[in-house]
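Here is a friendly briefing on pockets, a surface patch and charged pairs. Have the structure open beside you as you read.

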Amino acid sequence: MESHGEVFVVSKKYSERLRLSLAGEFLVAAKLLLMGYDAYLTLKNYPKIDVFVHNPKSDKTIGLQVKTTRETSYHILECPYSEIDERLDEVVKCPYVFVHVANDKSISYYVVPDTKVKELVKEAFKRYLEKSAKEETKRKLFRGETEAVLMLPLKDIEKYKDNWK
């Protein structure tokens, strides 16, 4: 995004990604409201939390991180290989709601506890290293010459579909 005085120029790809991200947050909030919870979007002023959810019956409030995609995996973070555990602990602080918007515009929700997000991301990266990564890529990762891109495949979270408990 570039600033030209009072006018901001936003690339089409960034604009589409931002709209999809915001749509996911609104969809999650709407779903929770319809289920009888109070849901509040954070407007980006709370790091790592997109929606606060209050249960009026138990009087408990939790934060949720929302990730939305049309693809088959979710981007979690990029970091040096040696910092994966530390960075996951910094980034994954609350349950995640993964929103998948299919080509036919159907919406699916996958609600995953934070400890499971960390575990599943590490497992997916391990599989990538064992099955897909080229030897040169591995050498660069282990030497710190390139960052690890941590993704969470949709197939790994299928069992958490509509896990709104």
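**Pockets, patch and salt bridges**

Helix H1 (12-34), strand E5 (60-69) and strand E6 (73-79) each contribute at least two residues to the lining of the largest pocket. Please keep in mind that this is a predicted model.

**The largest pocket**

- The volume of the largest pocket is about 840 Å³.
- Its lining has 29 residues, and those closest to the centre are Arg-17, Ser-21, Lys-67, Thr-68 and His-75.
- H1 provides the largest share of this lining, with nine residues.
- Sorted by class, the lining of the largest pocket holds 12 nonpolar, seven polar and 10 charged residues.

**The second largest pocket**

- The second largest pocket has a volume of about 320 Å³.
- Among the 17 residues lining the second largest pocket, Tyr-37, Ile-62, Leu-64, Trp-164 and Lys-165 are the closest to its centre.
- Strand E4 (51-55), E5 and strand E8 (107-112) each supply at least two residues of the lining of this second largest pocket, and E5 gives the most, with four residues.
- The lining of the second largest pocket is made up of 11 nonpolar, four polar and two charged residues.

- Tyr-14, Leu-18, Leu-22 and Phe-26 make a nonpolar surface patch of about 340 Å².
- Tyr-14 sits in helix H1 and is partly exposed, at 31% relative accessible area.

**Salt bridges**

- The count of salt bridges is nine.
- Asp-85 pairs with Lys-122 in a salt bridge, with the closest N and O atoms 3.0 Å apart.
- That pair links distant parts of the chain, as Asp-85 lies in helix H2 (residues 84-91) and Lys-122 in helix H3 (residues 114-132), 37 residues apart.
- Both partners count as partly exposed: Asp-85 has 44% relative accessibility, and Lys-122 has a relative accessible area of 39%.
- Within helix H2, Arg-87 and Glu-90 form a salt bridge (3.4 Å, N to O); they are separated by about one helical turn because they are three residues apart in this helix.
- Asp-89 and Lys-118 also meet in a salt bridge (3.1 Å, N to O), and this pair links helix H2 to helix H3 across 29 residues.

Notes:
Residues numbered from 1 in each chain as written. Predicted model: local features only at pLDDT ≥ 70, side-chain atom pairs only at ≥ 80, totals over all residues. Heavy atoms only, no water. 1 Å grid on protein atoms, 1.4 Å probe; cavity = no way out; pocket = protein on both sides within 12 Å on 5 of 7 lines; lining within 4 Å. Points joined across faces, edges and corners; volume = space filled by probe spheres on them. Nonpolar A, V, L, I, M, F, W, Y, C, P; charged D, E, K, R; others polar. Patch = residues over 30% accessible without salt bridge, like charges linked within 9 Å, V, L, I, M, F, W, Y side chains within 5 Å. Areas by Shrake-Rupley, 256 points an atom, 1.4 Å probe, with all protein chains shown as cover. Salt bridge = Lys/Arg side-chain N within 4 Å of Asp/Glu carboxyl O. Buried < 20%, exposed > 50% of the residue type's maximum accessible area, 1.4 Å probe, protein only.
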